[in-house]
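Hi everyone, thanks for having me. Have the picture ready, and we'll walk through it together.

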Amino acid sequence: MAGNKKLDAYHRKRDFAKTGEPRGRSRARKRDPHFVIQHHLATADHYDFRLEIAGVLVSWAVPKGPSLNPKEHRLAVRTEDHPMDYETFEGKIGEGQYGGGTVQVWDRGTFRNTSHDRKGEPVEAGDALENGHLSFWLDGVKLRGGFSLIRTRQSDKSWLLIKKADETADARRKPTSTQAESVLTGRSLDEIAAAEQ
């Protein structure tokens with residue numbers, strides 16, 4: 001099946017007989033690509049930031065979560081691509097499994113690729129990802145506005161998630177603390193963990 005190689009790393013890291021995570025496959029939409037941000041309380045508390053590109057959810061772990069302050073550059077560590085089915089995964093990954101812990105769908109919606117080259121010409125999302133500078137506009141439940149993901153020189157896996165200085169920027173608003181509930185179920189991380197025991 002086309003695109004399955006993109007999910008090889010995802011499949012290798014999981015025992016689907018022991019985890020409720022979706023096995024999934026790649027699939028591409030013609031319009032309105034999706035994004036999801038999942039709050040993931042595993043070995044370390046972090047947010048998984050995922051953008052639909054070429055039929056999979058390209059993923060980064062963001063330890064401090066997204067910020068609406070353009071002056072705050074958040075570390076984003078590139079992880080393996082995830083299947084599209086993962087955008088609605090909420091629950092508990094068993095202890096001893098890769099990523100073991102509680103997963104909450106913190107925000108989701110669609111995004112628009114706004115990447116361009118130095119001449120101002122549009123660049124496809126996959127090419128922008130390959131080039132290490134991806135710009136996009138999020139239309140989510142909690143987050144709206146322009147953001148960039150920029151690869152650092154330190155490592156292929158080391159990126160920065162940066163809010164653009166547009167009309168949606170707000171240095172005072174802290175959605176990761178003030179809007180902690182799931183956009184799917186309204187549950188907190190503790191409620192999701194308790195329901196899965």
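So, salt bridges: there are eight of them in this structure, and keep in mind that we're looking at a predicted model. The general idea is that side chains of opposite charge can pair when their charged atoms come close.

Start with Asp48 and Arg50. Their closest N and O atoms sit 3.3 Å apart, which makes a salt bridge, given the 4 Å cut-off. Are these two buried or exposed? Both Asp48 and Arg50 are buried.

Next up, Arg144 and Asp139. Here the N to O distance is 2.1 Å, again a salt bridge. Arg144 has 44% relative accessibility, so we call it partly exposed. Asp139 is partly exposed too, because its relative accessible area is 28%.

Then there's Asp170 with Arg172, where the closest N and O atoms are 3.6 Å apart. Asp170 comes in at 23% relative accessibility, so it's partly exposed. Arg172 has a relative accessible area of 73%, so that one counts as exposed.

Okay, now the strands. Find S2, residues 45-53: eight of its nine residues are buried. What does S2 pair with? On one side of the story there's S1, residues 34-41, running antiparallel to S2 and joined to it by seven bridges. A hairpin of three residues links S1 to S2, and Phe35 has Leu51 as its bridge partner in S2.

S2 also pairs with S3, residues 56-62, antiparallel again, over seven bridges. Leu51 turns up here as well, with Val58 as its partner in S3.

How values were computed:
Residues are numbered from 1 along each chain as its sequence is written. This is a predicted model: local features need pLDDT of at least 70, side-chain atom pairs count only at pLDDT 80 or more; totals for chains, interfaces and linings use all residues. Side-chain values use heavy atoms; hydrogens and water are left out. A salt bridge is a side-chain nitrogen of Lys or Arg within 4 Å of a carboxyl oxygen of Asp or Glu. Buried means under 20% relative accessible area, exposed over 50%, partly exposed in between (1.4 Å probe, protein chains only). Helices (H or I, at least four residues) and strands (E, at least two) are DSSP runs, numbered from the N terminus. Two strands pair if DSSP finds at least two bridges between them.
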